[in-house]
Amino acid sequence: MKRTVLEMLSYAATNYQDLKYVTDKTDEGWFSMTFSQVEQATTFLATALINEGIIKDDKIAILSEGRSSWIISEYAILKAQAICVPLSVKLRPLEILFRVEHSDSKYIIVSKNCVSNLLEIKQQLSCLNIKIIFFDQCKSIENDFPNIIYYNDLLKKGEELYPSLKNELQKRIKNVEESDTATISYTSGTCGNPKGIMLSHLNYWSNSHDAVQYFRLENHLKLLLILPLDHAFAHTIGFYCAALCGMQLFFADSRDGLKNQIKKIPENIQETSPDFLPVVPAFVNFFIKKIKESISNEGILTVWLFNQGIKNGIKYFGDGFKKPSIIKKIFHYPIYALADKIIFSKIRTSISENLKFFISGGARLDIKQQEFFNCIGIPVLQGYGQTEASPIISVNQRFRHKFGSSGGILSGIDCKIIDENTNQELPNGQKGLIYVKGLSVMKGYYKNEKATLQKIDKDKRLNTGDIGYIDKDGFLFVTGRKRALLISDDGEKYSPEEIEDAIVNCSDFILQCFLYNDHCKYTSALITLDEDKVIEYVSNNNITSPEKLLEVIKKSFYNFQNDDTYKNMFQKQWIPNVFTILQEPFSVRNEMLNSTFKIVRFKILSTYKDRIEQMYSIEHQKGKQENLRILAKIMEKKF
């Protein structure tokens with residue numbers, strides 16, 4: 001048996017044929033398709049694509065929110081021996097154009113929520129002879145794209161033509177090889193121009209099988225996919241693990257547009273009652289914020305019990321792996337148990353009666369987020385990966401986890417910590433570059449052999465570019481990106497992410513934090529503020545001057561130094577001496593965040609170069625005046 005994505009679909013259609021595979025929210029309610037129905041739909045669509053002239057290794061891009069028709073389209077593309085190019089819904093028109101042109105895509109399959117981004121580049125798409133397949137029936141769009149092809153029409157056409165093209169389709173499916181490229185997924189471009197990551201059928205097959213085996217996923221679970229489907233994480237944990245385990249996939253309701261999709265997630269969780277939820281840290285923060293906002297509207301006693309319950313729960317559970325002493329557990333259990341019975345149990349019910357855990361990937365999850373949800377009773381299990389590794393490298397298990405870590409290494413992956421100077425493997429506990437090797441490592445970057453050779457060495461090891469270590473218990477800790485390291489004036493290096501997280505998590509007012517030190521005598525920071533919280537504080541505490549407010553912000557900035565989780569964790573030289581307040585938060589829109597909400601460091605450095613230099617120059621006083629000016633503008637909004 002070939003180890004391909006199509007074999008996994010065939011296995012699912014045979015073993016789980018009448019079980020529900022994919023489910024969308026429609027005006028009539030939730031609509032599902034079984035594994036056998038999905039298999040049949042992919043056959044008809046693949047037939048239609050062959051009739052359209054698609055040949056082996058042609059590329060077809062998909063630009064859409066999560067939906068059943070994406071999965072059907074991708075399987076159909078692969079059955080036709082073509083290659084899928086998944087695109088993020090957060091891309092701007094010119095970014096879309098770069099990817100479809102670079103990948104040599106012949107078609108773009110697009111939804112009505114994303115089609116507006118094609119209008120600005122329709123002339124360029126026409127010049128490139130790229131055809132548009134539209135998921136949704138909408139006659140008005142034909143004025144802009146007169147040669148548009150409708151997805152439903154292709155399905156019908158494929159069904160009609162299947163008898164005559166059956167042999168050709170079966171031949172193509174049979175000729176799909178393990179080494180064939182399944183997707184070309186583009187990097188976000190946080191460190192320069194985006195690169196097309198070629199992931200093969202074997203890459204996905206290996207990673208999904210390893211994930212199911214290592215995580216011990218049961219059959220027939222329910223999963224709500226709120227992650228964008230262009231993510232490799234959504235592919236592996238969603239598309240393919242579901243095929244192996246007979247899971248039912250629900251997609252977040254996007255009928256009212258992408259902007260309203262996030263608002264509907266709590267309602268979707270209630271309606272679908274999933275067993276688990278794959279998330280990125282930004283979603284974890286969203287849930288924490290909503291929970292805390294809800295509790296703050298209750299009485300003083302409820303707020304006190306909630307906070308004490310979290311505090312005592314953290315002490316009671318320890319790091320999740322090494323259990324606290326019996327005396328410590330007995331001491332902290334009563335208040336935690338009381339909070340769990342009165343408050344946490346109700347929070348669990350309000351989220352979902354069925355939800356057992358979250359799996360978090362895409363970016364580093366702070367330990368406080370893990371501790372918080374563990375106390376609530378719905379643990380967030382942190383994982384680590386890269387698209388170049390298909391993508392899962394490590395993950396915490398339900399029955400074996402350690403807060404602050406990225407879990408144990410998947411069984412099919414060989415992970416080593418390498419000294420970047422000697423290229424030798426380091427022992428447990430020592431930090432170095434994380435290298436991985438295995439069947440899930442990408443084929444390479446599309447049309448970029450130079451970048452491929454820089455990423456994969458002669459021993460076929462993937463240099464993740466991340467710094468970390470493996471502890472004595474076999475847990476991987478990822479401390480930061482090599483490119484993001486702080487470097488002091490004496491050459492010492494340190495990853496900023498942990499301190500950035502500590503500052504944000506312990507401050508009532510700081511929304512985002514970016515640390516900087518490039519061979520300087522001290523570290524500095526750029527911060528953005530949660531204006532609503534600042535305004536509320538100003539109103540409640542009769543703050544009348546920006547100078548007084550700046551003192552409050554400064555005190556809040558250094559709160560982490562008194563927090564039990566972070567106390568004495570960081571060396572003094574990495575703790576910022578000075579910070580600058582920015583008027584605009586980092587966002588996807590201003591290109592300071594990528595599609596997984598990671599900070600785009602080079603973009604921030606280039607945009608705020610003058611503000612950073614100011615913190616190290618004799619013009620430092622001007623920086624303080626700018627902070628006061630921004631705070632004064634925020635205070636004006638109170639009125």
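For this notebook I count Ala, Val, Leu, Ile, Met, Phe, Trp, Tyr, Cys and Pro as nonpolar, Asp, Glu, Lys and Arg as charged, and the others, Gly among them, as polar. One reminder to myself: this is a predicted model.

**Entry 1, the largest cavity.** The largest cavity has a volume of about 60 Å³. I then listed its lining: Lys-56, Asp-57, Leu-78, Gln-81, Ala-82, Ile-83, Val-176, Asp-180, Thr-181 and His-201. Sorted by class, that lining gives 4 nonpolar, 3 polar and 3 charged residues.

Next I turned to the second largest pocket, which holds about 800 Å³ of space. I found 31 residues lining it, with Asp-24, Thr-26, Arg-67, Ser-69 and Asp-136 closest to the centre.

The axes of helix 2 and helix 3 come within 8 Å and cross at roughly 55°, so I log helix 2 as oblique to helix 3. Their crossing is right-handed. From helix 2, the contact takes in Val-38, Glu-39, Ala-41, Thr-42, Thr-43, Leu-45, Ala-46 and Leu-49. Helix 3 answers with Ile-72, Ser-73, Tyr-75, Ala-76, Ile-77 and Lys-79. I sorted these contact residues too, and they divide into 9 nonpolar, 3 polar and 2 charged.

Key: Residues numbered from 1 in each chain as written. Predicted model: local features only at pLDDT ≥ 70, side-chain atom pairs only at ≥ 80, totals over all residues. Heavy atoms only, no water. 1 Å grid on protein atoms, 1.4 Å probe; cavity = no way out; pocket = protein on both sides within 12 Å on 5 of 7 lines; lining within 4 Å. Points joined across faces, edges and corners; volume = space filled by probe spheres on them. Axes fitted to C-alpha atoms, helices over the stretch in contact; angles between N-to-C directions. Helix = DSSP H or I, 4+ residues; strand = E, 2+ residues; numbered from the N terminus. Parallel < 35°, antiparallel > 145°, perpendicular 65-115°, else oblique. Left-handed = near helix turned anticlockwise from the far one by under 90°. Contact = heavy atoms within 4.5 Å.
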